[in-house]
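Here's a quick tour of a core and some rings. Have the model open beside you as you read.

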Amino acid sequence: QVQLVESGGGLVQPGGSLRLSCAASGSIFRISTMGWHRQAPGKERELVAAITSGGSINYADSVKGRFTISRDNAKNTVYLQMNSLKPEDMAVYFCYIYYTDYRRSAGLSSWGQGTQVTVSS
């Protein structure tokens with residue numbers, strides 16, 4: 001069993017910034033992909049950003065140029081720096097990982113509980 005501990009969510013004014021963090025721990029041998037999804041009330045969950053172990057990054061079109069994803073492999077931690085926040089960014093943000101365990105089992109994934117990001121004046 002693995003757990004993902006998220007932090008950094010909260011209330012911010014439009015145009016402000018937040019930095020989300022997610023630390024993974026447990027029976028993890030290697031994390032191939034780390035990233036963030038978000039879900040607003042009444043809307044489907046969408047990919048925000050993802051980063052692979054090889055450094056490949058992709059962003060949702062709506063956040064390109066404003067959000068930056070990064071990872072610290074030594075700490076099994078992924079970050080999401082969010083700048084120039086807009087009301088439409090308001091959602092619950094979920095951290096996720098794709099990984100292998102010590103038996104090198106493939107296709108494993110884990111999700112955090114989510115952290116609320118509120119953008120309001």
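A word on ground rules. This is a predicted model, where local features need pLDDT of at least 70 and side-chain atom pairs pLDDT 80 or more, while totals for chains, interfaces and linings use all residues. Residues are numbered from 1 along each chain as its sequence is written, and side-chain values use heavy atoms, with hydrogens and water left out.

Now the rings. Rings of Phe, Tyr and Trp (its six-membered ring) pair if their centres lie within 6.5 Å; planes under 30 degrees apart are stacked, over 60 edge-to-face, and the rest tilted. There are 3 aromatic pairs here. Tyrosine 96 and tyrosine 98 make an edge-to-face one, 5.4 Å centre to centre with 70 degrees between the planes. Together with Trp111, they form one aromatic cluster.

Arginine 45 turns up over two rings, listed below. A charge sits over a ring if NZ of Lys or CZ of Arg is within 6 Å of the ring centre and within 35 degrees of the ring normal.

| Charge | Ring | Distance to ring centre |
|---|---|---|
| Arginine 45 | Phenylalanine 94 | 4.0 Å |
| Arginine 45 | Tryptophan 111 | 4.8 Å |
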